[in-house]
Amino acid sequence: MALGITVALFGLVHLGNPNASLYGAAAIGVEAGVLLGAAYVLTRRLWLVIGIHFGWNFIQGGVFGPNVSGIRVESLLRSELSGPELLSGGSLGVEGSVFAIIVCLLASLAILHRARRQDRFIQPFWRRQPR
C-alpha cells in the first residue's frame, strides 16, 4: 500500500512539469515511485533514494542532454531523441520511454526481492499481532 501511495504522489508531483501528460506522470510514478520506494524499503535510509534520483537526473540531463521530466537542462553532450514517443519518450524525456519503465521495474523487482529475503517489509499497524 505504501508503494502505491509513493507511485501516486511521485506521478502527481510531476504533472506540473512542462510537457507533462497523464501517461508521463504515470510512467514517472511507476519508474521512480516503485524504484525509490523499493530502495527505501531495503535500506530504511534516504541516502540511496536521494542518490538514485540525483544520479538519474544528472546523467540523463547533465551529461546526455534529453529533457528530464519534460524540462530542458544544459548538458555536457547534446542528444536528440527521435522515433515513436512510446520508444523515445518524446518531449517528456527518457522517462516516457517504455524501455525506461521496463528497466526501472526490473530493478525495482530485484531490490524488492532482496528486501523480502532480508525481511525488510513492515506490516501495517492494523495487521500486526499484539504483543
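**Chat: surface patch, cores and a buried glutamate**

User: Hi! Which residues form the nonpolar patch on the surface?
Analyst: In this predicted model, the patch is formed by M1, I5, L9, L12, L15, L22, F125 and W126. Together they have about 990 Å² of accessible area.

User: Which helix gives the largest share of the patch?
Analyst: That's helix α1, residues 2-13, with three residues.

User: And F125, where is that found?
Analyst: F125 sits in the segment after α5, which spans 98-117.

User: Does it count as buried or exposed, and why?
Analyst: F125 counts as exposed because its relative accessibility is 66%, and the cut-off for exposed is over 50%.

User: Let's go inside. Which residues are in the largest nonpolar core?
Analyst: There are eight: L35, A38, V41, L42, C104, I111, L112 and A115. Helices α2 (22-43) and α5 each give two or more residues to this core. Another core, of seven residues, lies apart from it and includes F10, I28, A39 and L92.

User: What does L112 touch, beyond residues up to four places away in sequence?
Analyst: L112 touches L3, A38 and F121.

User: Switching to charges: what's up with E31 in helix α2?
Analyst: E31 is buried and yet has no salt bridge. The nearest side chain of opposite charge belongs to R72, 16 Å away.

User: So which residues is E31 in contact with, leaving aside neighbours within four places in sequence?
Analyst: Those are E95, S97, A100, I101 and C104. C104 is also one of the residues in the largest nonpolar core.

How values were computed. Residues numbered from 1 in each chain as written. Predicted model: local features only at pLDDT ≥ 70, side-chain atom pairs only at ≥ 80, totals over all residues. Heavy atoms only, no water. Patch = residues over 30% accessible without salt bridge, like charges linked within 9 Å, V, L, I, M, F, W, Y side chains within 5 Å. Areas by Shrake-Rupley, 256 points an atom, 1.4 Å probe, with all protein chains shown as cover. Salt bridge = Lys/Arg side-chain N within 4 Å of Asp/Glu carboxyl O. Helix = DSSP H or I, 4+ residues; strand = E, 2+ residues; numbered from the N terminus. Buried < 20%, exposed > 50% of the residue type's maximum accessible area, 1.4 Å probe, protein only. Core = buried A, V, L, I, M, F, W, Y, C linked by side-chain atoms within 4.5 Å. Contact = heavy atoms within 4.5 Å. Lys, Arg positive; Asp, Glu negative; His and termini not counted.
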